[in-house]
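Thanks, everyone. Let me put the structure up, and then we'll walk through its pockets, its ligands and a few backbone details.

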Amino acid sequence: MLDVTLIVLCAGNSSRFEHKTKKQWIRIGNEPLWLHVTKRLASFSQFNKIIIASHETELDYMKNFTDEFTFVKGGTTRQQSILNCLKFVTTKYVMISDVARACIPKYVIETLLIEKENANCIVPILNVTDTVIYENDTINRDNVKLIQTPQLSNTQILKSALNTKIEFTDESSAIKNINGTIKYVQGSIDSKKLTLGDELDDLPCLKEPSNNFFTGTGFDIHAFEENKDMYLGGIKLPYDYGFKAHSDGDVLIHSVIDALLGACGAGDIGEFFPDTDEKYKGIDSKILLDEIVTFVNNVGYEIVNIDLTIIAQKPKINPFKNDIKNSMVKLLGLEKQFINIKATTAEKLGFIGRAEGVAVQSIATLKYYNWKQK
Ligand SMILES: Nc1ccn([C@@H]2O[C@H](COP(=O)(O)OP(=O)(O)OP(=O)(O)O)[C@@H](O)[C@H]2O)c(=O)n1
Ligand SMILES: C[C@](O)(CO)[C@H](O)COP(=O)(O)O
């Protein structure tokens, strides 16, 4: 086993990526990019430990994919994510890579490892073959190098180097700042960083997502409460009774949220919005659904369709079905034909039949966002 920990930085916002899905979550076959990249790097050597920096909203979800790695909450900057991960590093050396560099060849990793004792930070670089202009003047391009990742650093020296308020864009700049030693080694054009959406075509090692479909079911039930506004599917119905709940009680939206979370394997509504949290007291469920739709898209999925059944002895649903559908069209960003709403009574049986409350059952279908076709 090597005295080296591998950190893969996957906690970014992908704000320059401009796709519906964050870059760390695009699917390669059935694997999210972060898992694909990490497994690929892991296969090149026997790292002592592998740490993944995850975005705080995705950390729990990432843990559903594997128990093999240590997941650490990232920070607001790349450097802060590194600092968070370094707390869990016990080895003498640490190799830090960006999920954004998806196709790093094995020889780069091997070279870094061979060189690990020869400087405080080993850095892959590329020479520049184009003419370079700096502030209108052509400069000697032999003096210009492109810095890549992964970089392999002495852990203690890196910790000292990052113990500063200065924000560095890579580890070698931080180590250089404290007069540490740097060794440059040959990088690779295949280690290109994925920053903008149209750069996906420059990464031929990535195959397109699978065509699989994913289904999830949702079920929610709420009792009636007198003198409360009634919300169903994001619209206010004209009754003087509503639903008893910590939130606004929109039983339909809650059911759809669970179906969406079910389809992408992300647990249930309570894990995202605990009913013990005062923040969600009386909250408009449209806000919760919006957050979940963003999450579903961020982590690699598109919604295909939703089908739901409202089980209610009262109120009458049919007069409002079209309004509810139009509201869900807006909230889900789906065409109307892909949302179906059914309503049924409980034939006066049980608590719903006694008109004590309403239940909604739903099913959602998702597919992977196909980044190859956009
Ligand atoms: N707070 C942050 C910011 C970035 N990163 C990671 O650092 C690497 C380099 O960042 P970049 O390519 O810029 O990714 P993003 O920050 O996600 O992109 P953008 O700047 O466009 O939002 C990526 O692997 C990214 O996931 C991170 O772990 N934590
Ligand atoms: C670390 C890096 O990949 C080295 O080239 C680069 O500095 C990251 O920059 P970004 O703006 O965080 O993508």
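Start with the lining of the largest pocket: its residues divide into 8 nonpolar, 17 polar and 10 charged. Classes first: nonpolar is Ala, Val, Leu, Ile, Met, Phe, Trp, Tyr, Cys and Pro, charged is Asp, Glu, Lys and Arg, and polar is the others, Gly among them.

Ground rules. This is a predicted model, where local features need pLDDT of at least 70, side-chain atom pairs count only at pLDDT 80 or more, and totals for chains, interfaces and linings use all residues. Residues are numbered from 1 along each chain as its sequence is written, chains are lettered from A and ligands numbered from 1 in the order in which they are written, and side-chain values use heavy atoms, with hydrogens and water left out.

Now, what is a pocket here? On a 1 Å grid over the protein atoms alone, a pocket is an open set of points with protein on both sides within 12 Å along at least five of seven lines; a cavity is a set where a 1.4 Å probe fits but cannot get out; lining residues have an atom within 4 Å of a point. Points are joined across faces, edges and corners, and a volume is the space filled by probe spheres set on them.

The largest pocket holds about 830 Å³ of space. It is lined by 35 residues, and Gly-12, Asn-13, Arg-16, Thr-77 and Arg-78 are the closest to its centre. β1 and α3 each supply at least two lining residues. The largest share, 3 residues, comes from α3. Helices (H or I, at least four residues) and strands (E, at least two) are DSSP runs, numbered from the N terminus.

Ligand 1, then. There are 17 residues around it, and Leu-9, Ser-14, Ser-15, Arg-16 and Ser-81 come nearest. "Around" means a heavy atom within 4 Å. β1 (4–10) and α3 (78–86) each give at least two residues to this shell. By class, the shell is 5 nonpolar, 8 polar and 4 charged.

Polar contacts next: pairs of N or O atoms within 3.5 Å; within protein, one must be able to donate a hydrogen and the other to accept it, and residues adjacent in sequence count only if both atoms are side-chain atoms. A backbone N or O atom of Ala-11 is 3.1 Å from an oxygen atom of ligand 1. A polar backbone atom of Gly-75 is 2.8 Å from a nitrogen atom of the ligand. For Thr-77, a backbone N or O atom lies 3.2 Å from a ligand nitrogen atom. Of the 560 Å² of accessible area that ligand 1 has on its own, the protein covers 89%. These areas come from the Shrake-Rupley method with a 1.4 Å probe; for residues, only the protein chains shown count as cover.

On to ligand 2. The Lys-193 side chain places an N or O atom 2.5 Å from an oxygen atom of ligand 2. A side-chain N or O atom of Asp-98 is 3.1 Å from a ligand oxygen atom. Ile-147 uses a backbone N or O atom, at 2.6 Å from an oxygen atom of the ligand. The protein covers 72% of the 360 Å² of accessible area that ligand 2 has on its own.

Second largest pocket: about 440 Å³. Its lining has 19 residues, with Glu-56, Thr-57, Glu-58, Phe-272 and Phe-295 nearest the centre. α2 (59–63), α8 (269–272) and α9 (285–298) each give two or more. α9 has the largest share, 5 residues.

The whole structure has 1 cavity of 30 Å³ or more. Arg-78, Asp-170 and Ile-82 are among the residues lining the largest cavity.

Last, the backbone. Thr-149 to Pro-150 is a cis peptide bond, omega near 5 degrees. Pro-150 is in the loop between β10 (145–147) and β11 (151–154). Lys-314 and Pro-315 are also joined by a cis bond, omega about -5 degrees. And Ser-14, not a glycine, has a positive phi of about 55 degrees. Ser-14 is in the loop between β1 and β2 (27–28).
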